[in-house]
Amino acid sequence: MVELIFYGIVLGSIISLGAIGLTLVYGIIRFANFAHGDFMTVGAYITLFLISIVMPWLGIPDTTFGPLSFGLRTLLAFPLAIGAVGGVAILLDRILYQKLRRSDSNLVIMAMASLGAAFILRMIVLILWGADSLFYRPGLLRPAVELPLNVKVRPDQILIMAVVCILIVSLHLFLKNSKIGKAMRATADNMELALVSGINTERVILWTWGIAGALAGAAGILYAIDVQVHPYMGWNFLIPIFAATILGSIGNVYGALIGGLVIGVVQQVSTAFLLPTYKLPVAFLMMILILFIRPKGIFGSK
Amino acid sequence: MELTGLLAYLISFAIMAGIYAVFALGLNIHWGYTGLFNIGIAGFFCVGAYTSAMITTPQPTGVYAHYVHQLFGWHLPFVFGLMGAALMCGLLAFFIGLPTLKLGEDYLAIATLGIAESLRLIFNNEQWLANGPRGLMGLPQPLAHLIDARHYNYIYLVIVLAVMALIYFLIERSIRSPWGRVLRAIREDEVSASMSGKDVFAFKMQALIFGAMVMGVGGALYAHYSRSISPSVFTPLYGTFIIWVMLMAGGSGNNKGAVLGAFVMWGIWIGTQFLTDFLPYTVKSRAPYIRFLVIWILLEFILLYRPEGLLGEEKRVSKLIE
């Protein structure tokens, strides 16, 4: 059981990264971005592309670090890939959402457009890589080390949590101290007020997409390191991410963090009683329960 | 010979387009008239198809009972299948609407999506419910004894078109009633509708249930056309989003548009199949993805440059208003 809770925290920290990005977009740009899961997929596949094609071509060796299952290439690819996903998110805004915003489209139309974008991204992945599951380093044994309380953990998983912590702390410092971070929080509070106080909201939106995309990309890569790369991986994360966002109150970054951890732990612990494939319905059921009990989430005011 | 082959092909095309038109009409009640953002049509599709299948097939006996498991099998006529499918979907819609309809549109969207994905997993994993991933086979077809099996599709086309027409007139009639006008008022401005004394939640719930029942009928029509159903049919792509593209292309808020959109988009979908036949063998296995990519890019173009679709909404629904 302790082991399941630990795995749940690993899964939850990945969900949190996705949920934080979703909640930022939800709070600042004010629409439900259904393409968020597929940003994760794109991040994982860009990394795969860098590791398996670009870096061998450049002659970068894939030396591994001690007990970790991945090496130098993944380490180098990580920042490049999350930057690229941020770029994809910004690009989508420029060619799609910005135009819809300017023509004063209904928010539901924007959500619809994001669904379309989600499928476009996934179809591109499917066309380029096909529908099979892939690994960053196929055929590698991934031994576990044993911690106290009979918990078997792979070194990768500890590293994943460390990376998530670093990303969240730097996001926290960014939102708290930088000028654009403050502007983002102001815009989330009240867009009109932010506009009249001279904040360039288009710039804020640009940064929001960049950060949200990069975090989602990071989540996808970490999941790929932990499990595998699959075209539907991000789509399967969409419901848990939304559940975490709603649980932590829409627009609340710290709520999304806690929501993600809660959903992850519950999903993982449920596998002790249910089939593992029911992780997604479990997350969905959690969300419905939240909607009944506290529709505004744990940090929401009535 | 060539001509009969072509005709048979056209008939089966028209049957599928007609079934999709039923779904598009159901979605039109949700989205077109009431502004309900349902992205889990596949869930209603699935429930409608399975309910009708289990109502019309007998419970397997003898040797079959070892291989086929289903929750119940009533062996009733087709019409009861349609009605049962509609009832079950209405019930499902009620339970989805209960926690979500008082909240924003996004909540209904994510809830319908979640239920559709969950149902597919449940039908796939629970053997006792409806035979798991193998699904149910040998579903009966209505009036099959009247005609040789090779030509049966003619009869089924008539049935599908008749059901479609019936639903079309039913929706037209109710949308032009005072009830329908309230739905449109809610879509345009929820606050002012409730200020005029309308119970917004109740009207939204009725529209959600009505549309879901129509989708249930669509699911049942599909089940008895394909004669075998399994969870792999009810994917988000084929079960939900292609129907959205149909409605958006045809013109949401217009029943003629919903039907037109279904036929046009199904035509494009089938047409691109012919085009990808010319692709080299090596990329052919990925051809469906290319076709879907084209459809999604088309959707984004519709949203950006022609949000009203081909026909657009009829602004004036009553003959009495000048």
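N131(B) is found in the loop between α6 (127-130) and α7 (152-175) of chain B, where helices are DSSP runs of H or I with at least four residues, numbered from the N terminus. This is a predicted model, in which local features need pLDDT of at least 70 and side-chain atom pairs count only at pLDDT 80 or more, while totals for chains, interfaces and linings use all residues. Residues are numbered from 1 along each chain as its sequence is written, and chains are lettered from A in the order in which they are written.

**Positive phi**

- N131(B), although not a glycine, has a positive phi of about 70°, and N131(B) is buried, with 23 other C-beta atoms within 10 Å (buried: 20 or more such atoms; exposed: 12 or fewer; partly exposed: in between; C-beta atoms are placed from the backbone).
- R30(A), in the loop between α1 (2-28) and α2 (36-58) of chain A, has a positive phi near 65° and is likewise a residue other than glycine.
- R30(A) counts as partly exposed, because 15 C-beta neighbours lie inside 10 Å.

**Contact between the chains**

- The contact takes 30 residues from chain B and 31 residues from chain A, two residues being in contact if their C-beta atoms, placed from the backbone, lie within 7 Å.
- On the side of chain B that touches chain A, the elements giving two or more residues are α4 (78-100), α5 (105-125) and α14 (287-305) of chain B, and α5(B) gives the most, with twelve residues.

**Helix pair in chain B**

- In α2(B), I41(B), A42(B) and F45(B) meet P236(B), G239(B), T240(B) and I243(B) of α11(B).
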